[in-house]
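The entries follow the order in which I checked things.

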Amino acid sequence: MDDRQPGRPGGGASQVTTTTQDALTVRGEASTQAAPATQADSPSTGGDVVLRLRDAALRFGDRTLWSGLNLDVAAGEFIAILGANGSGKSSLLKAILGQLPLSAGTAEFLGAPIKGGNRRIGYVPQQKLADEGVPLRAEDLIGLGVDGHRWGIPLPSKARRAAIDKLIHDVHAERYRHEPLSDLSGGEQQRLRIGQALAGDPRLLLCDEPLLSLDLAYQTVVSELVDKSRRTRNLGVLFVTHDINPILPMVDRVIYLAGGKIRIGTPDEVLRTEVLSELYGSPVDVVRTRGRIVVVGAVEPCITHTAPPSDGHTHKGDAHA
Ligand SMILES: Nc1ncnc2c1ncn2[C@@H]1O[C@H](COP(=O)(O)OP(=O)(O)OP(=O)(O)O)[C@@H](O)[C@H]1O
Ligand SMILES: [Mg+2]
């Protein structure tokens, strides 16, 4: 662990072409190389550890999605999870939620073994947006987060109203709080879903592709909302994305999954030609241009791109240069 302050601005990716200031400490030695995730990867921020994974592995039948995952996530730390379609990103979040049992290793949240249904872990699942005809207004979604977990004894209506008002304010949803959910834009809905995930006053926020289908402007709005939330609430954040660029200024570390293998480190450490070529087992170029990072030539579908396709999502076979 190094001595930087939790949640300091700029993450590990201030300017990607400069030498890294975020040397990962591996077995006590400063290293600028991303470590294979075989030894504990320490938080980059020095906050309290909220999540600890040791030798974690996830297998379905004889297929290993990932293994040997050692990770400490600190309060206030923002970690991006990158990897191709099917590499196990969503499954990693579900394992942390206790929805999928680890095949090996251990997972602890706030020092206790992970069990399902922990309200201090906020979750924005990977999913499509609201269908037309869903009879919910914007603030109803937030309300579900506030009292959806309670059985029998609802919050007193005043306290409930105050909690909803605060969350609506935090995600800047005042203007459309009474609108039907299905009438809202993708970005407006995503902000509400983040508000819903924050309702349990989480210590850890898991976001599974929250930028999906959003244009660049809304990608920025949603990313900044998550970033602000982790700073004001001192949250650990795990943020799955196919494009690192919208969150590059915020990210402390990156977890990169490919072919059952894992690399963890700052963006400068992991998003390097030699590191990703070794991870993929084939030549990959990491190009840094105009403050953006582009991975070219990955055998599996590309994970970062210069401009999102029309629906904002990276598709299998996309070749971004
Ligand atoms: N419960 C399950 N049983 C068997 N296989 C599963 C299960 N859940 C996921 N898988 C498989 O594990 C692989 C990884 O799935 P996962 O959803 O974690 O990928 P992902 O990295 O999130 O991909 P994407 O970028 O497309 O969202 C997929 O091949 C999926 O079919
Ligand atoms: Mg997924």
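I began with Cys207, which, leaving out residues up to four places away in sequence, touches Val124, Val226, Val237, Phe239 and Val240; contact here asks for C-beta atoms, placed from the backbone, within 7 Å. I noted that this is a predicted model, in which local features need pLDDT of at least 70, side-chain atom pairs count only at pLDDT 80 or more, and totals for chains, interfaces and linings use all residues. Residues are numbered from 1 along each chain as its sequence is written, while chains are lettered from A and ligands numbered from 1 in the order in which they are written.

I placed Cys207 in strand β10, where helices (H or I, at least four residues) and strands (E, at least two) are DSSP runs numbered from the N terminus. Cys207 counts as buried because it has 27 C-beta neighbours inside 10 Å; the cut-offs are 20 or more other C-beta atoms within 10 Å for buried, 12 or fewer for exposed, and partly exposed in between, with C-beta atoms placed from the backbone. I also looked up Ala197, ten residues away along the chain, and found 9.1 Å between its C-alpha atom and that of Cys207.

I turned to β11 (residues 236-240), in which five of five residues are buried. Gly236, Leu238 and Val240 point one way from β11, and Val237 and Phe239 point the other way.

I then checked the pairing, which requires at least two DSSP bridges between two strands. Strand β6 (residues 78-83) runs parallel to β11 over four bridges, with Ala80 opposite Phe239. β10 also pairs with β11 in the parallel sense, over five bridges, and Leu204 has Gly236 as its bridge partner. Between β10 and β11 the chain passes through α5 in a right-handed β-α-β crossover, meaning that, with the strands pointing away from the viewer, the path from the first strand over the helix to the second runs clockwise.

How many of the 13 residues of α4 are buried? I found twelve, so the helix is largely enclosed by the rest of the structure. Those buried residues pack against β9 (121-124), α2 (138-147), α3 (157-170), β10 (204-208) and α5 (216-233). Helix α4 (residues 186-198) reaches 18 Å from its first C-alpha to its last, close to the 18 Å expected at 1.5 Å a residue, the expected span being 1.5 Å times one less than the number of residues.

Leu110, in the loop between β7 (104-109) and β8 (112-113), has a positive phi of about 50° although it is not a glycine. Leu110 is partly exposed, with 16 other C-beta atoms within 10 Å. His172, in the loop between α3 and α4, has a positive phi of about 55° and is likewise not a glycine; His172 is partly exposed, with 13 other C-beta atoms within 10 Å.

How values were computed
Two residues are in contact if their C-beta atoms, placed from the backbone, lie within 7 Å.
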